[in-house]
Amino acid sequence: AGMVAGLAAGAGTATLIGAPRIARAAEFDFKYGNNLPLTHPLNVRSHEAAERIRRETNGRVDIQIFPNNQLGGDTDMLSQVRSGGITFFTPSALVIATLVPVAAINAVGFAFADYGQVWSAMDGKLGEHVRGAISKVGLHAFEKMWDNGFRQMTSGAKPIQTAADMDGLKIRVPVSPLSIAMFKSLSAAPASLQFSEVYSSLQTRIVDAQENPLPIIQVAKLYEVQKYCALSNHIWDGFWFIANGRAWRGLPPDLQKIVSTAINEAGVQQREDIKALNQSVQADLQSKGLAFNQPSPDSFRAKLRDSGFYGEWKGRFGDEAWALLEGAVGKLA
Ligand code: X2X
């Protein structure tokens, strides 16, 4: 730390005497990786947050963003953020659950009825419970979760109207035990693939279907390789903004505060962006040729219940977490 302080003081002196400003590393040079295209609100708002942080820390904290899986798929980025190869990552709850199982609890099938329930749970006790579990694996999770959205199913060969249409369906799901278990319970044939593989796997018919919120279907242009979209709302999914624990603890408290505030506030704005997008995105996707239908959740829920899905996942998440979820959404099974 003494060395770093000495270097910073030297650089400050150089600026004072009017020497040309040479490109150099900031005192805290951080990398942030994510899996989404640049146009997604997650990237738009995190870019703003990085600028704000640079400004408010007078350049001491510099966050460079690597969008769109430039640093590898989710599995790679998750190990990089653990090792410190990158400092920040925004895994979906589904994906961080490969490391922190209880993190998938918000993704239990058909749990949340609306965003009112989502944010009161995730900004409240359920979110706190999950963040506690994330901290136990040495990662820091910022308080405000970012929105991915309610996941919808798209398919190429035929529309999905009831749970019976899931039978044998080759559907891509994220790398997540909960997604695999849920789609197996629906008698589908789920395959876990990194998000970077989704477009090409649909195009080459390795899979026939996928499931994602509408804004993702839009920014990743999945409408080019899918015909039908069932508004199933089967999972609510969000992104945890996480930091490598050592890097986070190495940041002085005043800088931590600036970074936390900027990231949490950007997250809240990003939620609003997704909310606004949700008003317009269906019409846009329709105009691009995607045919929509709105299946009733009843047959899906019944199949999940009868197959023992809820009972099994209650056991896996534990009574405490399950009680927090049911406290937010009502009895599930
Ligand atoms: O990979 C996906 O489907 C995505 C983009 O929704 C996640 O990050 C889980």
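**Notebook: charges, fold and salt bridges**

I began with the charges: the mean positions of the 33 positive and 31 negative charges of the chain lie 2 Å apart. I counted Lys and Arg as positive and Asp and Glu as negative, leaving out His and the chain ends, and placed each charge at NZ of Lys, CZ of Arg, CG of Asp or CD of Glu.

The model is predicted, so I required pLDDT of at least 70 for local features and 80 or more for side-chain atom pairs, while totals for chains, interfaces and linings use all residues. Residues are numbered from 1 along each chain as its sequence is written, and side-chain values use heavy atoms, without hydrogens and water.

**Overall fold**

I looked up the secondary structure and found 14 helices and eleven strands; these are DSSP runs, helices being H or I of at least four residues and strands E of at least two, numbered from the N terminus. The radius of gyration is 21 Å, close to the 20 Å of the globule rule for 333 residues, so the chain is as compact as a globular protein of that length. The radius is taken over C-alpha atoms, and the rule is 2.2 Å times the number of residues to the power 0.38.

I then noted that 52% of the 333 residues are buried (buried is under 20% relative accessible area, exposed over 50%, partly exposed in between, with a 1.4 Å probe and protein chains only).

**Helix H7**

I checked helix H7 (residues 177–185): seven of its nine residues are buried, so the helix is largely enclosed by the rest of the structure. The buried residues include Leu-178, Ile-180 and Phe-183. Just after H7, Ser-187 has a positive phi of about 65 degrees.

**Salt bridges**

I searched the whole structure and recorded 15 salt bridges, each a side-chain nitrogen of Lys or Arg within 4 Å of a carboxyl oxygen of Asp or Glu.

Arg-45 pairs with Glu-48 at 2.9 Å, N to O; both lie in helix H2 (residues 41–56), three residues apart, about one turn of the helix. Glu-48 is partly exposed at 38% relative accessible area, whereas Arg-45 is buried at 17%.

Arg-45 also forms a salt bridge with Asp-273, the closest N and O atoms being 2.7 Å apart. This pair joins helix H2 to helix H11 (residues 253–287) across 228 residues.

Lastly, I noted Asp-123 with Arg-271 at 2.8 Å between the closest N and O atoms. Asp-123 lies in the loop between helices H5 (115–122) and H6 (125–136) and Arg-271 in H11, so the pair ties together parts 148 residues apart in sequence. Arg-271 is buried at 9% relative accessibility, and Asp-123 is partly exposed at 32%.
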